[in-house]
Amino acid sequence: MTKPVFLLVASFPESLIKFRGPLIEALLSSGCQVHVAVPDLDPYSDVASQLGALDVQVHDIPLQRTGMNPIKDLTLLFALRKLMRKIGADYVLGYTIKPVIYGSLAAWIAGVKHRFALITGLGYAFTGEASGLRKVLRTLIQKLYRFSLSRNRLVFFQNPDDEALFRQLSLLKPAIPSSVVNGSGVDVTEYTVADMPGTPSFLLIARLLGDKGVREYVQAAALVKQRYPEVTFRLVGWIDDNPDAISRAELDAWITAGTIDFLGKLSDVRPAISNSSVYVLPSYREGTPRTVLEAMAMGRAIVTTDAPGCRETVMEGDNGFLVPVQDASVLAEAMMTLVESPDLVAAMGTRSRQIAEEKYDVDMVNAVMLRGMGL
């Protein structure tokens, strides 16, 4: 019997193993022949090596993650259509904006029978004030979503707020079914509980974007340090090619002032989580933040915003605190409460691990997705 051919369309090579590795393994176990389409994958990288070891076929595609050049996007569309016909794709799943939009359209044009999309977050165009470039992008992306998602059999969302927004804006037609899954999940056997450090310390892992709440994190850190100068605030991440990116000069000023310890981009964040007592994510909006799930699995209290995607991970006062978006003073108050209450930090960390096991285990999340796709 011929194996069904499954094509996964992505925009970040690194995400294929870190975020979708267990899903790829689940697809292989279900009997699929798995292909991935992604731009700029270094053939000598660890990602390429791990995909090769899984016998996953990798295809380079001309996808530019940022920018809306119509010629380049049409080139992507036709390249994906050609690839789908060449490999005889039976199933297609795209995640992040361009793979969802152009992957869905290409699959429809190519006559792929089983077409799916995963909305992992809304990104720059949907967050912040709708003015200038952001307003233009928001209008264009909404039109593209509305047209492309109507070509899918099922659309997955990572939180109910995003699903409700797409329905409210008619980006997803009533006839197209949708399903909410608990983020990308986390491998609770890989992210295990770590002992608490002796000194209170906070950690944020994120692309260095304004919408991730990086500035609010630094502002709150400065406020906390006025009262508790011994507390450390670590930042893991990198400056992204995005209109909302933090500038290098701004980052250097924070480091020079001693407000944060900047650790750069890490391939393995577990040591950084182990060296922290509380994980913080002041993001304006997420799908479901993977870094929060990793910190929860390692037994850390969470402080995050009462925003879509983020609020799903915290039971207020149980495994952490929810704070308003863009409010550094309330964020600082929550942090100081935890600095003053080490027993509460430990108890919240224990609950985070329990919630990770009960709700966010990656095998349970992927089982829901495979059932939704009929695999």
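I note that the model is a predicted one.

Next I looked up where Lys-173 sits. I found Lys-173 in a loop, with helix H7 (160–168) on one side and strand S7 (178–180) on the other.

Which residues does Lys-173 touch, leaving out those up to four places away in sequence? I found Ser-150 and Arg-167.

I also checked Lys-173 against Met-296. The two are 123 residues apart in sequence, and their C-alpha atoms are 35 Å apart in space.

Then I turned to the whole protein chain. I recorded 14 helices and 13 strands. For its extent, I noted that the C-alpha trace spans about 65 × 45 × 45 Å along the principal axes.

I compared the radius of gyration with the globule rule. A compact globule of 375 residues would have a value near 21 Å, and the protein chain has 21 Å, so the two agree.

Buried residues account for 54% of the 375 in the protein chain. Of the contacts between residues at least 6 apart in sequence, 69% join residues at least 24 apart.

I recorded 38 positive and 40 negative side chains in the protein chain. The centres of these two sets lie 11 Å apart.

Key: Residues are numbered from 1 along each chain as its sequence is written. This is a predicted model: local features need pLDDT of at least 70, side-chain atom pairs count only at pLDDT 80 or more; totals for chains, interfaces and linings use all residues. Side-chain values use heavy atoms; hydrogens and water are left out. Helices (H or I, at least four residues) and strands (E, at least two) are DSSP runs, numbered from the N terminus. Contact means heavy atoms within 4.5 Å. The radius of gyration is taken over C-alpha atoms; the globule rule is 2.2 Å times the number of residues to the power 0.38. Buried means under 20% relative accessible area, exposed over 50%, partly exposed in between (1.4 Å probe, protein chains only). Lys and Arg count as positive and Asp and Glu as negative; His and the chain ends are not counted. The place of a charge is taken as NZ of Lys, CZ of Arg, CG of Asp or CD of Glu.
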